[in-house]
Amino acid sequence: MKETRIYSLIGYASGISGRVPGANDAPDALRNLGLISRLEAVGAEIRDLGNVSSVLSDDERQAIERQASAEERAAKNFADVFISCKRLYEKTSEALADETIPIILGGAHSCSIGSVSAVADHYAARGESIGLVWVDTHADLHTPQSSQSKNMHGMPISFLLGRVKGAMQQLSQHFPVLRPEHIAYIGLRDVDAAERETLQSLPIQAYTMKEIDRYGV
């Protein structure tokens with residue numbers, strides 16, 4: 001008999017790392033559209049762990065800002081993104097400890113700082129490393145210094161690679177979280193000059209939409 005796989009659903013109800021309003025509503029919108037029942041219909045067992053958000057108290061904000069590096073403080077809403085990534089790290093770690101497969105509903109791309117850090121730590125405890133396949137138009141390789149907008153939704157890969165030092169690195173038990181040779185991009189189409197320079201300097205596999213159109217996936 002086929003074994004039912006168990007998945008933990010976690011909502012990242014925050015869009016504060018970007019500039020488009022409404023991203024924080026996405027997890028519940030997907031639930032309301034019947035996501036859970038559709039997954040169960042194809043044989044998955046779903047455990048809904050609820051949402052994490054970027055709501056924080058004044059005391060929490062002050063504590064995070066004291067720990068943040070000068071570079072981190074240059075990013076917009078750093079404390080808010082930090083707290084939501086920390087909460088997501090904890091929920092993702094909980095899902096993995098229960099031997100379930102986490103499914104993260106965003107939200108914004110910044111969520112991956114928390115979720116990927118949790119997955120990396122989980123497998124590092126087993127003596128294993130992870131790889132990351134990033135399917136996106138954008139490389140999300142900016143740092144607070146290189147980004148013109150200073151929005152953190154364009155920075156998660158740099159944080160995971162350890163290119164930004166400071167409070168965020170405390171999320172993971174291992175720093176950096178990822179090695180560049182363990183990352184592959186699929187579908188790049190809109191890459192800024194600073195990100196392109198970084199891509200060319202690191203051993204990252206990157207496949208553009210032009211290449212996919214020409215050769216197929």
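## Ground rules

A residue is called buried when its relative accessible area is under 20%, exposed when it is over 50%, and partly exposed in between, using a 1.4 Å probe and protein chains only. This is a predicted model, in which local features need pLDDT of at least 70 and side-chain atom pairs count only at pLDDT 80 or more, while totals for chains, interfaces and linings use all residues. Residues are numbered from 1 along each chain as its sequence is written, and side-chain values use heavy atoms, with hydrogens and water left out.

Most peptide bonds are trans, and most residues other than glycine have a negative phi. Here are some places to look at with that in mind.

Asp140 has a positive phi near 50° without being a glycine. Asp140 sits in the loop between strand 4 (132–135) and helix 7, and it counts as buried because its relative accessible area is 4%. Glu99 is another non-glycine residue with a positive phi, about 60°. The loop between helix 5 (78–97) and strand 3 holds Glu99, which counts as exposed because its relative accessibility is 69%. Helices (H or I, at least four residues) and strands (E, at least two) are DSSP runs, numbered from the N terminus.

Two cis peptide bonds are worth a visit as well. One joins Gly106 to Gly107, with omega about 5°; Gly107 belongs to the loop between strand 3 (101–106) and helix 6 (111–124). Another links Phe175 and Pro176, with omega about 0°, and Pro176 is found in the loop between helix 7 (156–160) and strand 5 (183–188).

A pocket is an open set of points on a 1 Å grid over the protein atoms alone, where a 1.4 Å probe fits and protein lies on both sides within 12 Å along at least five of seven lines; lining residues have an atom within 4 Å of a point. Grid points are joined across faces, edges and corners, and a volume is the space filled by probe spheres set on the points. For the classes, Ala, Val, Leu, Ile, Met, Phe, Trp, Tyr, Cys and Pro are nonpolar, Asp, Glu, Lys and Arg are charged, and the others, including Gly, are polar.

The largest pocket has a volume of about 390 Å³. Its lining of 16 residues has Arg19, His142, Ser149, His153 and Asp192 nearest the centre, and divides into one nonpolar, ten polar and five charged residues.

The second largest pocket holds about 240 Å³. Of its 14 lining residues, His109, Cys111, Ser112, Ser115 and Trp134 lie nearest the centre. Strand 3, helix 6 and strand 4 each contribute at least two lining residues, and the lining comprises nine nonpolar, four polar and one charged.
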